[in-house]
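Please examine the sequence and the structure before reading on.

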Amino acid sequence: MRRILFAILLAMTTVITHAQGFDFNEVVCNPEATTFQLFAPATAKRVVVRIYNDGMGGKPIKTVKMKRTEQAEVWQAEIKGNFLGKFYTFDMGKGECPGVFAKAVGVNGQRGAIVNLVKTDPEDWCCDAHPVIKSPADLVVYEMHHRDFSIARKDAKYPGKFLALTEPWAIDHLKALGVNAIHILPSYDYGSVDETRLNTPQYNWGYDPVNYNVPEGGYSTNPYDPTCRIREFKQMVQALHKAGIAIILDVVYNHTYDIDHSNFQRTYPDYYYRKVDGKYSNGSGCGNETASDQPMMRKFMIESVKHWINEYHIDGFRFDLMGCHDIETMNEIRKAVDAIDPTIFIYGEGWSAGQCALPTEQLCVKANIAKMPRIAAFSDEIRDALRGPFDDDTKGGFLAGVPDCEESLKFGIAGAIAHPQVDMSKVNYSKTPWATEPTQMMSYVSCHDDMCLVDRLKSSIPGISDDELIRLDLLAQTAVFTSQGVPFMLSGEELLRSKKGVHNSFESPDSINQLDWKNQQRYPQVFKFYQDLIALRKHHPAFRLGDAHLVRKHLEFLDAPKGVVAFRLKDYAGRDDWRNIVVILNANREQVAVSLPKATYTIVCQNGAINEASTDKLSGHRALIAPQSAMILHD
């Protein structure tokens, strides 16, 4: 019956099948012939594939009309001959493009490239393996833009390139700091950097996708060679994996660079985008919003994630504006990833940048995280409790002495789960807990798309001195790294990074975005504190329990004065070597006293320094905490 119905509908050229068997393997090449496939409307009048000698310029050496297959929306052409090393485009009358799932492209991504991906593997790539990370709670995530990190490094052989992360100076810095996961800002082929002008300084974060499944040519040493960017990306992954560092890819499936010139629109107009009342929905704030709920967009996202895992050995994914995507799609992605490797970590922004076409209850916003097991979201509660609201850079938070931020900070310290000592009526943004497990919450105080921590402190505390700036910087990160969520930091914070007050530096020059490596010598105490704080978290499982039941059992908040948050991790939490650990965060500009359970304590953190081997003792039930600093003790 289904076959009869299909035949009738095919004869009517009605589009309903959405080519469920289509796997986005658009080009299959062998020595005898190359087969091209495209998902396009069954009603299209003419679909062609063109073959070129080069990645740009020149006339096609062959143009072949594609035929519609038995799957109404799948078009196919087989071209006899060996076309390895050639380039191709699809065209259905909306403009030439490499299709939606090109795995290799020429310069600026205008044409797909026919390559043998096996030939792009570095030596011993078959032996490359994910670093062993037992729980997301064990991760220490370091967010990095390729150009920011290396462009101003004097000893970098490949500044601003993928290969910079294979160099000893880069690996040594990351290992010395102690991070074990690198979140790399968009590294796929994006539109705002002209790869033909790489000798001219150009900058963009890369949140303007063009070809989602190919590395960006601007970060390669030769964007004209389609295999170069692939090989160098793999070399980067391999070098970091050898150092025990995982790679998390920032993926931006929620929108495209534009609509009319996108590969989606040129191959299947309006299928991949949501509309409201005939107009394109703009939940991304970038002029368009993709339709993750459409069967083939969902399948595209799943296959894309699988491709990055299988071909490039990616260890995790950060979903940009995850709140634009529907819950079913994200759960299907989690399921597909689990079938490959359940340790691969997935998190995203639990919000959108505007109103989406779907109802909120269907979207991957923070409030719905409980419906997405083992998918995490950023906590703007702890971020803004510490430094102040996102929408006003001049307003401060806990760090600036603003009252009534303590409860929001406590919520973040607990990992955004339900905790009997957190009064949700006093928490900013969320009046009910949204995480079922603490590993569903990303704990952070700054990231790429906002003022970095130093600049925010300067903006919200006029006239702040360098000493006060450093004290509050270290206090903020102590809250982040002793929380039960997954800790996340922006690269360069360990160097007291400043972006000269720029809030949204997505296309600012290197002079704004580059890391100032001289700061490591100017402020050695800052790097040392970050280093020791990360080591403290790694050495003590009490800070990374990874289980909501254990957090509620072992995490106890202590009574504290205004401007102070104090908590105890009790009874050998997580089988820690230390019986009870007390953390006290004092944002006041004066010394404060905090009552403790009576015991003899060893002080391992005070006055902006950490020493796990400390012999400094405190006996009794009262601690004096220095202004704008943290104290950590154990018995």
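**Cysteines and cavities**

Q: How far is the sulfur of Cys-447 from the closest cysteine sulfur?
A: In this predicted model, the closest cysteine sulfur to that of Cys-447 belongs to Cys-452. The separation from the sulfur of Cys-447 is 11 Å.

Q: How many disulfides does a search of the whole structure find?
A: For Cys-452, the closest cysteine sulfur is that of Cys-447, too far for a bond at 11 Å. The search of the whole structure gives a disulfide count of 0.

Q: What is the volume of the largest cavity?
A: The search of the whole structure finds 2 cavities of 30 Å³ or more. The largest has a volume of about 60 Å³.

Q: Which residues lie closest to the centre of the largest cavity?
A: The lining of this cavity comprises 13 residues. By class, they are 4 nonpolar, 5 polar and 4 charged. The closest to the centre are His-145, Asp-148, His-448, Leu-490 and Arg-497.

Q: Which strand and helix each supply at least two residues of the lining of the second largest cavity?
A: The second largest cavity holds about 40 Å³ of space. Its lining includes Val-210, Tyr-212, Asn-263 and Phe-264, and it has no charged residues. The two elements are strand S12 (209-215) and helix H5 (263-267).

Notes:
Residues numbered from 1 in each chain as written. Predicted model: local features only at pLDDT ≥ 70, side-chain atom pairs only at ≥ 80, totals over all residues. Heavy atoms only, no water. 1 Å grid on protein atoms, 1.4 Å probe; cavity = no way out; pocket = protein on both sides within 12 Å on 5 of 7 lines; lining within 4 Å. Points joined across faces, edges and corners; volume = space filled by probe spheres on them. Nonpolar A, V, L, I, M, F, W, Y, C, P; charged D, E, K, R; others polar. Helix = DSSP H or I, 4+ residues; strand = E, 2+ residues; numbered from the N terminus. Disulfide = S-S within 2.5 Å.
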